[in-house]
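Biologist: Hi! Could you walk me through this one while I have it open?

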Amino acid sequence: MKFIAGISRAALLCLLSWEGAQQSTLGVSAFVPSSTTNVVVPSNNNYAVTNAALSRYSSTLLNAEAIKITMPALSSTMKEGRVVSWLKSEGDAIEAGEAIMVVESDKADMDVEAFEDGFLAKIVTQEGETAEVGAVVALIAALEGDIDAVANGSVNGAAAEPAAPAAAAPAAAAPAAGAAAPDVEFSQLDMPALSSTMKEGKVVSWLKSEGDAVEAGEAIMVVESDKADMDVEAFEDGFIAAIITQEGEAANVGSPVALIAANEADIPALKAYAASLSGGGAVVAAAPVAAAPAAAAPAAKAAPKAAAPASAASAGGRVVASPLAKKMATDMGVDISTVVGTGPEGRITAADVQNAASGAAPAKKAGAAAPAKVNKWTPASGVIAATPTARALAKKAKIDLASIEGTGEFGRVTADDVKIATGEMKPKRKAVVAGAPAPVELPEGLVPFTGMQRAVSNNMVATLSCPVFRASREIEMDAFNALYQKVKPKGVTVSALLAKAVAKAIEKHPIVNSSFRPEGTFFNKDINIAMAVAIDGGLITPVLKNANERGVLELGENWKELVDKAKSGTLKPDEYNSGTFTISNMGMFGVSQFDAILPSGQGGILAVAGTQEYIVPCNQAVLGMKKISKMTVTLTCDHRQIYGADAALFLKTLNDVMVNPGQLV
């Protein structure tokens, strides 16, 4: 290189050191500064500076800085990618860690994130178009005022730039080429390239163990790249035969990390094959590597920036966290916006979430809430945003993807959306809105019957072969209620008083106390009133024996004793299966009218509803109107031996007893 006489040594050293610093930082980000054009540097002494580096970097001072977004290598076999959709438009501001486009590779659709802040100046590859790995797909301007300058700049030769991960894949796989693969059907899971600058990845955790079955589209491991932690999905069904790269270890992009067997019986053979792969040098231990002397100065300069944990939220209030950290925060109930990130640029890692959940890490100071940013985009004409697994499931089920509403990010159709559409899966409950009451946890699934519940079920089924009819009547309750208020202090309940009234009516109509026999009608000599009682885990009917012959005080004491036994489960069989007529009372629940199912072996059951107030005409009242209380009762009878007239006469007699209850005491 030639320099004209007159340039000082200090200026020359400064220029050369600046050039070295610029070159050492070019490979740090996935976004490479755009090529610049040579400019003529004026000189008072008419000297011509011919140094290429001086010409190249002088233009950076004069032209707007452009950052290239290249097509990333999303898998070790990816050669080109298609832009499914842009999540940002030209001129929009972007932040580091924010998804800006969706790319379809040879394996899956994935979001591509920005790794630097700036403004989207120009979209080179439009939606629906394809670009080779490493080709420039968009340009980002560092400053909003530089958008026009960057958009009008040249990107010639950008597509020719090779992608480091794609080139590294064959090289990484080379050590394993000499191993003899077993003659079984299997697939090799390689370390994917999760970003265009990724050289190696560390296995954070395996979500499956050796021997476990996996399905296409199922996440099987979490990989930490140079940018973020991401879930890696299986692309074929099978069984995890061998894990080559263990948790905490790193492997070069394209190196085998696991083997998936198509058949479970082939796992032993593939384990032996995996030993030869792991011994070939493809796996790189996750140990610190000494930095080259030339890079020592930039690393030392950057150390103070990473010394203290940084806030994961950018100026816009957006939280930057790894996918695993977000998942763990959701599972642990941790508000991720309060977690202090210790990763690169303050990114929240899984360890940060664990520390926050255990109280080992300080919570981030609350800041002013920023308005939420809403990303809206519309796919290109004819493009339906869906995951590969969703497309495969929809094709198998013969469902048009356009008819399915996507619930994935930015409206993408997921595998769960397809399963819900086919009825294979129930819709997921929507997330609770902040400030709204928590959803009620309802029981789900089969709960086996208890012995009592099974007996009730069998008894109900047994009644289906019995022909029944029902008759209802309203009964005035004012006199009955007045009597109850008198005897209530003595321990007499409504149930005991009702049983006595029904028993007195049965005395005049014994047919309703009968039961059917194939040979004829069987009349029961005793009037035993069974009263249905709901208890925890079932239904039981304690029996007040000879209710027509006993006083209400005795019946009240007996009923209290029977209810206590029913609740404690100590009733004797004779105390709940000897009834000849049953009463089911739901008046205390405010039920206005209902029908009861006839118990097997009995001729009648009376359904008692709640008391309601009515206004009726009255000649003795001052205004010609008075208020009365009425109750509706419904009698269900076995129509084989009891007829409609029998039921009507019984209800009439019961009404007379209730209206004139003096005979009950």
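Biologist: How many residues does α15 have, and what should they span at 1.5 Å a residue?
Modeller: Helix α15 has 16 residues, which should span 22 Å at 1.5 Å a residue, and its end C-alpha atoms are 23 Å apart, so the two agree. The expected span is 1.5 Å times one less than the number of residues. Helices are DSSP runs of H or I with at least four residues, strands are runs of E with at least two, and both are numbered from the N terminus.

Biologist: Thanks. What should I keep in mind about the model itself?
Modeller: It is a predicted model, so local features need pLDDT of at least 70 and side-chain atom pairs count only at pLDDT 80 or more, while totals for chains, interfaces and linings use all residues. Residues are numbered from 1 along each chain as its sequence is written, and side-chain values use heavy atoms, with hydrogens and water left out.

Biologist: Back to the helix, then. Which residues of α15 are buried?
Modeller: They are Ala647, Phe650, Leu651, Thr653, Leu654, Asn655, Val657 and Met658. Buried means under 20% relative accessible area, exposed means over 50%, and partly exposed is in between, with a 1.4 Å probe and protein chains only.

Biologist: And what do those buried residues pack against?
Modeller: The buried residues of α15 pack against β18 (468–476), α12 (478–487), α13, β25 (581–585), β26 and β27. Contact here means heavy atoms within 4.5 Å.

Biologist: Let's look at α13. How far does it reach from its first C-alpha to its last?
Modeller: Helix α13 (residues 494–508) reaches 22 Å with 15 residues, close to the 21 Å expected.

Biologist: Why is α13 described as largely enclosed by the rest of the structure?
Modeller: Because 11 of its 15 residues are buried. Among them are Leu497, Leu498, Val502 and Ile506.

Biologist: How do α13 and α15 cross?
Modeller: Their axes come within 9 Å and cross at roughly 130°. Axes are lines fitted to C-alpha atoms, for helices over the stretch in contact, and angles run from 0 to 180 degrees between N-to-C directions. The two helices are therefore oblique to each other: under 35 degrees counts as roughly parallel, over 145 as roughly antiparallel, 65 to 115 as roughly perpendicular, and the rest as oblique.

Biologist: Which residues make that contact?
Modeller: From α13 you have Leu498, Ala501, Val502, Ala505, Ile506 and Lys508, and from α15 Phe650, Thr653, Leu654, Val657 and Met658. By class that contact has 9 nonpolar, 1 polar and 1 charged. Nonpolar covers Ala, Val, Leu, Ile, Met, Phe, Trp, Tyr, Cys and Pro, charged covers Asp, Glu, Lys and Arg, and the others, Gly among them, are polar.

Biologist: I can see a spacing pattern. What's the general reason for it?
Modeller: An α-helix has 3.6 residues a turn, so residues three or four places apart point the same way.

Biologist: New topic: at what angle do α9 and α10 pack?
Modeller: About 20°, with their axes 8 Å apart, so α9 and α10 are roughly parallel to each other. Thr389, Ala390, Leu393, Ala394 and Ala397 of α9 meet Ala415, Val418, Lys419 and Thr422 of α10. That contact has 6 nonpolar, 2 polar and 1 charged residues.

Biologist: What about the loop between those two, around Lys398?
Modeller: Lys398 sits in that loop, between α9 (388–397) and α10 (415–422). Lys398 has a positive phi of about 60° although it is not a glycine, and its 77% relative accessibility makes it exposed.

Biologist: And Asn546, where is that?
Modeller: Asn546 is in the loop between β24 (543–544) and α14 (552–568). Asn546 has a positive phi of about 50°, again without being a glycine, and at 25% relative accessibility it counts as partly exposed.

Biologist: Last one: is Ser629 buried or exposed?
Modeller: Buried, at 11% relative accessibility. Ser629 is in strand β27 (residues 625–638), and beyond its neighbours within four places in sequence its contacts include Ile475, Glu476 and Thr611.
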